Amino acid sequence: MAGNIFGNLFRVSTFGESHGTALGGIIDGCPSGIELNLKEIQYELNRRKPGQSSIVSQRNEPDKVNFLSGIFENKTTGTPIGFIIYNKDHKSDDYNHIKEVYRPSHSDLTYEKKYGIRDYRGGGRSSARETTCRVVAGAIAKQLIKDIKITSYVSSVGDISINKSYQELDLSRKSIENNPIRCPDPDTAEKMIYEIKKIKNKGDTIGGIITCVIKNIPIGIGEPVFDKLHAELGKAMLSINAVKGFEYGSGFSGTKLTGSQHNDLFKKDGTTKTNLSGGIQGGISNGMDIYFRIALKPIATIMQKQKTIDKHGNFILMEGKGRHDPCVLPRAIPIVESMSALVLADYWMYSKLSKHSSITN
């Protein structure tokens, strides 16, 4: 299997399956001398782990990260950072019923057709449990680029949306973490939580939208042509389980404007009066806030009977079992932030190689 490495200069390689012994990874290219707050890394993992509330999977995993190398006295040494997270609460028998059956809209069939074998226990490598490794690496990347602030929140669940721009919201950690859906608008959050519980009681799932805002990013992050900053952010987001769409800045709504309406006019200091560009022009950050939205589908495993096929091509009725998220959005928040941090850390290191970059000092 290819595709287990992300990044170039700041690079993470991960391993592990949902019901295997452990998951882990190696971070290569992290500069030496970075003082790490290990509690903050664990905090990010705690935001992702299951069992946080009644609206997420009830799998009870401590998700405790153990660092094996690359850190001494809480500082990076410049050598590869190895880490491991042991699985503690995997109930593989919950998946015996899909041993020879393909769940609709899941990767069961494509994995088996591609590799000739699949780990049906929790989806194996295709499980969102794989993202624990991304969160560890992303938490370290965040501390490398500590002056850049990355914040994500749930802005939509089904038909329920925050009808405010991110500038109108309190995006503090306290505000976002104040409710289990991680929505900074209390009234909307309450409606979202009610909707998820209603969907869960029906044995169904629901999707929505996450908004991410990146502040304090200097001008000059990103490489033009094939490695544009927004292209890499898009790739990073679309690599996350259940993500079906990515748009930054004005996104698709910008197609309804004329050029004169859409252009961000300059101020004397080089900033712009508006920010429909989403903080990126020519694939390079322009110093304004970067903001984007990602769409996440309802997860495929539902607790309702559905018609599907088995590996022999027979039509059968199947019903999901086990512990699954009725809505993946709240647990995806730290994953979105981590993948953003990995992209920015990689490009931050590239910027150090650019002779005329305004961020080399």
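1. C183 is buried, with a relative accessible area of 1%, where buried means under 20% relative accessible area, exposed over 50%, and partly exposed in between (1.4 Å probe, protein chains only). C212 is likewise buried, at a relative accessible area of 0%.

2. This is a predicted model, in which local features need pLDDT of at least 70 and side-chain atom pairs count only at pLDDT 80 or more, while totals for chains, interfaces and linings use all residues. Residues are numbered from 1 along each chain as its sequence is written, and side-chain values use heavy atoms, with hydrogens and water left out.

3. With a disulfide taken as a pair of cysteine sulfur atoms within 2.5 Å, the count comes to 0 disulfides. For C183 the nearest cysteine sulfur, that of C327, is 11 Å away, and for C212 the nearest one, that of C183, is 15 Å away.

4. The count of salt bridges, each a side-chain nitrogen of Lys or Arg within 4 Å of a carboxyl oxygen of Asp or Glu, comes to 21. One of them pairs E112 with K311, the closest N and O atoms being 3.7 Å apart; E112 sits in helix α2 (residues 108-115) and K311 in the loop between β15 (305-309) and β16 (315-319), 199 residues apart. Helices (H or I, at least four residues) and strands (E, at least two) are DSSP runs, numbered from the N terminus. E112 is buried, at 14%, whereas K311 is partly exposed, at 39%.

5. E337 and K142 form a salt bridge with their closest N and O atoms 2.7 Å apart, and both residues are buried. E337 lies in helix α8 (residues 329-351) and K142 in helix α3 (residues 131-144), so the pair ties together parts 195 residues apart in sequence. Salt bridges that share partners join E44, R47, K142, E177, R182 and E337 into one network.
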